[in-house]
Each structure stands twice: as C-alpha cells, then as structure tokens.
Amino acid sequence: MAQHRRQDRILEMIREHGFVTTDQLVDTFHVTPQTIRRDLNELARQNLLRRHHGGAGIDSSTANTEYQTRKIMDLEAKERIAESLVEMIPDNASMFINIGTTTETIARALLKKNNLQVVTNNLHVASILSAKEDFHIIIAGGEVRNRDGGIVGEATRDFINQFKMDFGIIGISGIHSDGSLLDFDYREVRVAQAIIANSDQVLLAADHTKFGRKAMVRLGTITQADHVFTDAPPPKALRAMLAENDIQLHVV
C-alpha cells in the first residue's frame with residue numbers, strides 16, 4: 001500500500017475508534033513499527049492527530065476519548081506521575097480524589113500508605129482504595145456517569161463542600177497555553193472546583209499530552225494548584241507562570 005493511502009486509512013481508523021495503538025497499525029498494514037511511527041510523526045506534524053505513548057488519537061473540544069481507551073493511553077507516564085505524587089502524601093492524611101484515569105492510577109499507588117481518609121466522586125477510585133482495611137473511603141452522592149464511573153451534579157458539589165481536606169488530587173483533560181484548566185462536562189467541573197476550594201494543598205496530575213489539549217469547559221487556572229506533576233517539561237510560558245506563582249513543578 002502506498003504511503004499516502006496508508007496514512008489516509010490510519011486517520012480513518014483513529015476517527016472511528018478515537019485512539020489506535022502502534023501494534024494495531026502494524027498488524028493491520030503488515031509493516032514495521034518504524035514505518036508506522038514515521039507515518040504517525042508525519043501526520044502529527046500536519047496537526048492531523050496527536051501522538052501518545054504507544055499510539056495516536058485525535059482531540060475533540062466537545063467529547064472526551066472513550067474511557068477504556070484512556071485507561072491504556074500513556075499508562076507508563078501516569079504510573080511515574082502517580083509514584084512521584086504519592087511521595088508527598090503522609091500516612092494519616094485526608095484527601096479528595098476526583099474523576100479520571102490518572103487519578104485511578106494514583107489510587108493504586110496510594111495503597112502503600114496507611115490510615116488515609118478519602119472522599120471521592122470516582123467509583124473506580126473507591127473500589128481500588130477499599131482494598132485497604134485501614135482506609136476510610138467516603139463516596140460522594142450524585143449522578144453516576146455510566147461511561148466512566150464518575151459521580152457528578154449539584155448534589156455531588158454540595159456533598160464535597162461539607163469537608164475540608166489536607167489534599168485535593170486533581171486530574172484534568174486539557175491545559176490551555178494561557179494556563180486554563182479545561183474539561184468536557186460542566187457538572188464534573190463544578191465538583192472539581194469545590195474540591196480545589198476545600199483543599200489545603202492542590203496536587204494537579206497531568207501527563208504531557210494534556211498541555212495544549214482542547215476541551216470546552218473552563219475549570220480554573222493552573223495557578224490554583226500548589227504542585228503540578230507531569231512527565232515532561234510544560235511549554236515555556238506555562239513554566240514561567242508556575243515559577244511566578246511559586247507553584248512547585250515535578251517532572252518525573
């Protein structure tokens with residue numbers, strides 16, 4: 001198959017599925033991984049897709065990537081971020097944990113800690129952490145999103161506002177070049193805003209693909225975080241913004 005035809009078909013597959021892995025493309029086109037990586041790099045250079053560790057996808061400002069796909073995207077980076085973040089969490093701490101596959105990875109890393117008090121609007125996080133008998137897990141009330149186990153809505157926000165916690169662990173869908181934190185569901189955003197407002201320290205976890213990623217609902221600004229954990233240096237303007245506001249950047 002000619003290169004241009006293969007690249008057109010790659011784009012068709014990504015539009016259909018939201019994300020495809022390099023291995024899937026190798027099996028489909030019977031070419032080497034190096035050939036696929038060159039194709040993906042060229043399509044990314046043309047801003048036709050976004051490269052991820054192990055594959056590629058297409059961003060949308062109106063709809064998030066499907067949950068099962070997000071679970072495997074950039075997983076190695078999320079695990080490094082999680083290991084670094086949990087080093088900040090002492091035993092006997094209290095915290096909020098919000099919705100997202102990154103925060104679910106963090107929840108798994110938290111299992112090494114002791115006597116944590118956790119309020120979450122993420123059913124998957126609650127399930128992961130309930131494995132520890134010395135953890136006290138509280139699930140926020142509200143509407144459950146079937147697609148990802150997130151709990152959202154006015155009741156969820158009101159529930160969060162009853163607590164004041166040591167840490168707020170926040171995942172995010174996108175970070176604009178002006179520092180805006182972006183997400184897709186305004187109901188989820190309202191809950192995350194309440195978590196930020198009721199946390200002594202806000203720990204933002206975002207792998208490098210979130211920088212420059214589009215989403216249509218503004219949650220707040222990166223300057224509301226106390227610590228930012230990522231796997232690659234953010235763009236220069238964002239690094240300057242973090243430094244100016246005395247926000248600790250952790251690149252793992």
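Which residue forms a salt bridge with D148, and how far apart are the closest N and O atoms? The partner is R145, and the closest N and O atoms are 2.6 Å apart. A salt bridge here is a side-chain nitrogen of Lys or Arg within 4 Å of a carboxyl oxygen of Asp or Glu.

## Basis of the model

This is a predicted model, in which local features need pLDDT of at least 70 and side-chain atom pairs count only at pLDDT 80 or more, while totals for chains, interfaces and linings use all residues. Residues are numbered from 1 along each chain as its sequence is written, and side-chain values use heavy atoms, with hydrogens and water left out.

Helices (H or I, at least four residues) and strands (E, at least two) are DSSP runs, numbered from the N terminus.

R145 counts as buried because its relative accessibility is 6%; for D185, also buried, the value is 8%. Salt bridges with shared partners join E143, R145, D148, D185, R187 and E188 into one network.

## A salt bridge at helix α5

The structure holds 16 salt bridges. One of them links K112 and E83, with the closest N and O atoms 2.7 Å apart. K112 is in the loop between α6 (101-109) and β5 (117-120), whereas E83 belongs to helix α5 (residues 75-86), so the pair connects parts 29 residues apart in sequence. E83 is partly exposed because its relative accessible area is 37%.

F163 sits in the loop between α8 (154-160) and β9 (165-171). Its relative accessibility of 22% is why F163 counts as partly exposed.

Apart from neighbours within four places in sequence, F163 is in contact (heavy atoms within 4.5 Å) with F96, V119, I138 and N198. From C-alpha to C-alpha, F163 and S199 are 8.7 Å apart in space, and in sequence they are 36 residues apart.

## The annotated domain

An unreviewed UniProt entry places the feature "domain: HTH deoR-type" at residues 3-58. UniProt positions are given in the numbering used here, feature names are shortened, and annotations may be inferred rather than shown by experiment. Residues 3-58 are 64% helix and 16% strand, and the end C-alpha atoms of the span lie 20 Å apart.

Terms used:
Buried < 20%, exposed > 50% of the residue type's maximum accessible area, 1.4 Å probe, protein only.
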